[in-house]
Amino acid sequence: IESRVNEDEKSSLTVGMQGKLTSDLRPIGTAEFLDHLYEVQTNGHYLEAGTKVEIINLADNKIIVKPI
């Protein structure tokens, strides 16, 4: 394996940025930010696809979101 999830484009994301889920989060799924898809996760909550979310933490190639 030569790359990790979200490794290449995560630098363009910032805490507070808003996006939309393209899959259910159980608690991991996919969201769209800046016209790109990223693997994201919640702090253990289930969220349905289509929910608007905000980035609350970026660490270790993980993007943590909460619903808005």
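Strands here are DSSP runs of E, at least two residues long, and they are numbered from the N terminus. The model is predicted.

## Overall architecture

The protein has 0 helices and 5 strands. Along the sequence the pattern reads β-β-β-β-β. Strand β1 covers 18-21 and β2 covers 28-33. Strand β3 spans 36-41. Strands β4 and β5 take up 52-59 and 62-67.

Of the 68 residues in the protein, 31% are buried. The accessible surface comes to about 4500 Å². Carbon and sulfur atoms hold 45% of that surface. Contacts can also be sorted by distance along the chain. Among those with a separation of 6 or more, 43% join residues 24 or more positions apart.

Pro27 sits in the loop between β1 and β2. The peptide bond joining Arg26 to Pro27 is cis, with omega at about -5 degrees.

A search of the whole structure finds 1 salt bridge. How exposed are the two partners? Arg26 has 60% relative accessibility, so it counts as exposed. Asp24 is partly exposed, because its relative accessible area is 23%.

## Positive phi in two loops

Asp35 has a phi near 65 degrees, a positive value in a residue other than glycine. Asp35 belongs to the loop between β2 and β3. Its relative accessible area is 70%, so Asp35 is exposed.

Asp60 also has positive phi, near 50 degrees, and again the residue is not glycine. Asp60 lies in the loop between β4 and β5. With a relative accessible area of 70%, Asp60 is exposed.

## A buried aromatic pair

The structure holds 1 aromatic pair. The ring centres of Phe33 and Tyr38 are 6.3 Å apart and the planes meet at 55 degrees, so the pair is tilted.

Are Phe33 and Tyr38 buried or exposed? Phe33 has 1% relative accessibility and therefore counts as buried. Tyr38 reaches 3%, so Tyr38 counts as buried too.

## Glu54: buried, without a salt bridge

Glu54 is placed in strand β4. Glu54 is buried, yet it has no salt bridge. Side chains of opposite charge can pair when their charged atoms come close. Which side chain of opposite charge is nearest to Glu54? That side chain is Lys66, 4.6 Å away. A salt bridge requires the nitrogen to lie within 4 Å of the carboxyl oxygen.

What else surrounds Glu54, leaving aside neighbours within four places in sequence? Its contacts include Gly16, Met17 and Gln18. They also include Ile64, Val65, Lys66 and Ile68.

Notes. Residues numbered from 1 in each chain as written. Predicted model: local features only at pLDDT ≥ 70, side-chain atom pairs only at ≥ 80, totals over all residues. Heavy atoms only, no water. Phe/Tyr/Trp six-rings, centres within 6.5 Å; stacked < 30°, edge-to-face > 60°. Buried < 20%, exposed > 50% of the residue type's maximum accessible area, 1.4 Å probe, protein only. Helix = DSSP H or I, 4+ residues; strand = E, 2+ residues; numbered from the N terminus. Contact = heavy atoms within 4.5 Å. Areas by Shrake-Rupley, 256 points an atom, 1.4 Å probe, with all protein chains shown as cover. Lys, Arg positive; Asp, Glu negative; His and termini not counted.
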